[in-house]
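Work through these exercises with the sequence and the model open. Each task is followed by a solution in steps.

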Amino acid sequence: MTTVETPPIIDLAAASAAASPQRVIVQRTRKRNFGTWVRGGGVSNLVFLLPMLVIFGAFSWYPIVQALVMSFQKTNLVTPAIFVGWDNFARVLHDPNLYVAIQNTGYFALLALIFGYPVPLVAAVLMSEVRRGKGLFSALAYLPVVVPPVVAVLLWKFFYDGRPEGVFNTILGWVGIPPQPWIQNAIEAMPSLVLEATWAAAGGTVIIYLAALTSVPPELYDAAEVDGASIWQKIWHVTLPQLRGVLIITLILQIIGTSQVFLEPFLFTGGGPANATITILLLIYRYAFQNSLGGNYGAATALSVMLALFLAALSLIYFQLTKRWSS
Amino acid sequence: MKSRSKALIAGIAAIGVIASLAACSTPAAGDGKVTITVVSLIPGSDQSAFDAFDAQVAQFEKANPNITVKSQEYEWTGPTFAAQLAGGTLPDVFTIPFTDGKTLIENGQLADITDLVNGLDYSSKFNPNVLSQAQGTDGKIYGLPTAAYGNGLQYNRAIFTAAGLDPDKPPTTWAEVRADAKIIADKTGLTGFAQMAASNTGGWQLAVGSATRGGRLEVKNGDSVTVTADNAGTKATLEYLKALRWEDNSMGANFLLDWGTINQAFGAGQIGMYTSGSDIFTNLVQSQAMDPANYGLASLPLEGKDAGVLAGGTIATVNIKATDAVKAAAVKWIDFYYMQKLLNKDAAILDAKTLSEANQPVGVPALPIFDKATLTQSQEWIKDYINVPQNQVSFFLDNIFDQPTVAEPISHTQELYAALDVVVQSVLTDPNADIDALLKQVNTDVQALVDAG
């Protein structure tokens with residue numbers, strides 16, 4: 001027992017001598033493996049991969065590297081670029097709109113988390129409980145995901161008509177609530193955006209949860225029932241713990257997604273009223289494209305790089321923190 | 001053997017992909033023939049407008065057999081133009097507003113066409129102030145001004161009638177505009193007076209309102225520019241909007257309108273009045289299907305010292321990447337499509353005839369880019385084809401030549417307009433918006449940009 005646990009004294013010469021034959025074997029194996037790889041269709045696999053590598057390289061990896069380089073440049077993409085060191089990062093950090101955008105993005109993420117995160121879960125649990133028409137409910141829940149996002153936003157913009165005869169205001173009128181300005185008011189604009197975003201995205205998450213719910217062993221529910229558990233106790237003690245892996249993934253995806261919210265503020269309000277819905281991505285867009293005279297692409301890419309680093313760090317920290325729980 | 005055939009198929013697939021990517025590059029022109037790409041009409045224009053354009057392309061190609069014209073739809077908006085400029089996807093000939101000329105020239109983004117323009121027999125005839133919009137500090141010419149407009153009060157005659165107002169007596173003071181807006185809102189439930197507020201157009205139209213009250217957003221002193229957004233005219237305009245919005249409730253329920261959406265709403269008969277360029281009729285008819293019988297245009301009320309009408313215009317320019325042959329062909333196209341109808345009787349009549357046969361607007365109110373006599377002469381040539389109801393726009397045309405015109409701010413115009421968007425939106429969505437503080441902030445922010453160069 002003790003001899004096993006004692007740290008071995010390493011004799012380098014002996015170890016080297018002992019390792020040599022092994023190394024020869026490894027090399028031989030490698031040679032044989034390479035030959036086998038070629039004969040086994042390795043080259044053709046590589047050639048098959050080539051179109052994808054070219055397309056990814058040209059349209060995904062190259063722009064990423066280019067954006068990184070551009071974040072240190074002053075360029076209008078027509079005349080030659082000039083390296084300006086950290087100037088773009090400094091400019092972005094000194095822009096008062098950055099802090100408004102961070103605040104707004106955080107607010108959107110928070111609202112989406114409070115309202116948007118539980119909704120699909122509750123819907124999925126309820127739908128899994130119904131005995132008939134499960135397919136119909138799934139289809140109904142998924143329907144908004146099928147609607148093209150731009151169409152959905154334009155539709156909701158129509159619903160959000162601030163006049164008393166607007167769709168939502170008419171409905172509110174039925175229950176005696178006065179007409180609301182919706183997206184035409186700095187206070188109501190962001191919650192209105194979150195409402196549409198939740199409607200648009202919930203269906204996809206519902207389907208994921210429904211799939212995860214089918215993998216919960218029915219014996220666990222049976223056992224809980226035998227122990228006299230109520231429906232809420234079953235959800236709390238069986239369903240949610242069984243779904244935690246999926247819940248963690250959807251949570252981090254939601255945080256990343258909401259940190260990059262662009263479509264809704266861009267199409268609904270353009271960041272207004274009075275910057276009430278300007279988000280980080282919209283600010284990046286404004287840096288690049290608001291000025292017809294050639295935008296500040298350096299500042300736009302600098303902020304993009306900062307956002308990417310922040311999200312990467314956030315994901316790492318999150319996974320570290322939840323590693324034990326998720327396993 | 002099997003893996004070799006797999007490799008062969010994969011190789012062919014890979015070559016196919018690479019070849020198809022390579023095929024995206026432009027083929028070289030040969031045998032003295034030149035192909036140019038030019039901007040045509042804005043997306044969504046009706047088919048008869050495109051037919052008229054195609055007819056004009058055919059006329060040009062017949063006169064210039066060595067030049068082939070390809071066209072692409074185009075609508076100038078700040079963001080799309082910036083993307084096209086950066087992406088190198090602008091055609092050989094494109095148009096820009098006066099406000100962008102100087103900076104694009106300074107940034108080296110427009111082609112020098114001085115020699116080609118000097119070869120045109122009317123090059124010395126331009127109003128120097130107008131031509132200067134397309135000239136660099138070195139005096140070289142980088143484009144040709146093709147149209148100029150003044151801002152006016154657009155109104156819907158049908159809505160005026162529905163509200164019990166006389167469409168032949170449009171308001172002539174800002175107080176009358178306010179009173180009429182309230183009547184429209186109260187009697188029809190429609191928007192009495194609308195204001196652009198987004199995509200930099202809020203700032204643009206605030207500049208219009210400010211100028212009519214004697215305000216200037218920037219003051220040039222020698223080489224230095226001072227941002228004066230908090231001038232009395234701008235403050236008065238914002239107070240005026242505040243009153244219409246919060247006291248009269250006559251501005252409707254959409255306070256995030258821009259050039260495109262306000263035209264859409266006006267064309268659809270939802271807005272009684274708004275301010276915009278005098279040439280907007282073309283868009284309203286071509287893209288918004290507005291019934292010309294409902295259209296009315298009046299001059300803007302001018303109040304106080306230094307009051308004037310903010311004017312603007314369009315410059316046709318040539319892509320910096322164009323070769324000499326393409327540049328020469330491009331200037332020929334600009335001369336044919338934009339200029340000859342203003343200077344040459346036969347060309348003017350042919351242009352007007354082509355447009356009117358396709359039911360397109362002829363005789364849209366404009367300001368002169370040469371001089372008033374030339375403009376009047378060109379209008380005289382085409383009087384048989386004019387289909388824009390002149391009696392409905394006479395309230396503008398009868399006054400505009402007596403009203404002083406004011407140029408748009410010259411330094412960091414788009415940034416200034418963007419900053420003022422926020423102010424206009426604040427006033428229209430927050431009854432407690434602090435106008436003084438908001439304008440002071442604009443001064444500080446934009447002055448910093450101006451000082452930074």
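Buried means under 20% relative accessible area, exposed over 50%, and partly exposed in between. The model is predicted.

**Exercise 1. Find which residues of helix H9 of chain A are buried, and on which side of the helix they lie.**

Step 1. Locate the helix. H9 of chain A spans residues 167–174.

Step 2. Apply the cut-off. A:Phe168, A:Asn169 and A:Leu172 are buried.

Step 3. Check their directions. These residues cover an arc of only 100 degrees around the axis, so they sit on the same side of H9(A).

Step 4. Recall the helix geometry. An α-helix has 3.6 residues a turn, so residues three or four places apart point the same way.

Step 5. Find the packing partner. The buried residues of H9(A) pack against helix H8 of chain A, residues 149–159.

Step 6. Look past the helix. A:Gly176 follows H9(A), and its phi is positive, near 80 degrees.

**Exercise 2. Describe the nonpolar surface patch of chain A and state which elements give two or more residues to it.**

Step 1. Take the area. The patch covers about 1100 Å².

Step 2. Inspect the members. Among them are A:Phe34, A:Trp37, A:Leu50, A:Phe56 and A:Trp61.

Step 3. Assign them to elements. Helix H2 (12–39) and helix H3 (42–70) of chain A each give two or more residues. H3(A) supplies the largest share, nine residues.

Step 4. A:Leu50 is in helix H3 of chain A. Its relative accessibility is 35%, so A:Leu50 counts as partly exposed.

**Exercise 3. Summarise the make-up of chain A.**

Step 1. Count the elements. Chain A has 15 helices and two strands.

Step 2. Take the buried share. Of its 327 residues, 36% count as buried.

Step 3. Take the surface. Chain A exposes about 19500 Å², and carbon and sulfur atoms supply 71% of that area.

Step 4. Sort the contacts. Among contacts in chain A with a separation of 6 or more, 62% join residues 24 or more positions apart.

Definitions and conventions. Residues are numbered from 1 along each chain as its sequence is written. Chains are lettered from A and ligands numbered from 1 in the order in which they are written. This is a predicted model: local features need pLDDT of at least 70, side-chain atom pairs count only at pLDDT 80 or more; totals for chains, interfaces and linings use all residues. Side-chain values use heavy atoms; hydrogens and water are left out. Buried means under 20% relative accessible area, exposed over 50%, partly exposed in between (1.4 Å probe, protein chains only). Helices (H or I, at least four residues) and strands (E, at least two) are DSSP runs, numbered from the N terminus. The arc is that of the directions from the helix axis to the C-beta atoms. Contact means heavy atoms within 4.5 Å. Patches are made of residues with over 30% relative accessible area and no salt bridge: like charges are joined within 9 Å, nonpolar side chains (Val, Leu, Ile, Met, Phe, Trp, Tyr) within 5 Å. Accessible areas come from the Shrake-Rupley method with a 1.4 Å probe; for residues, only the protein chains shown count as cover. A salt bridge is a side-chain nitrogen of Lys or Arg within 4 Å of a carboxyl oxygen of Asp or Glu.
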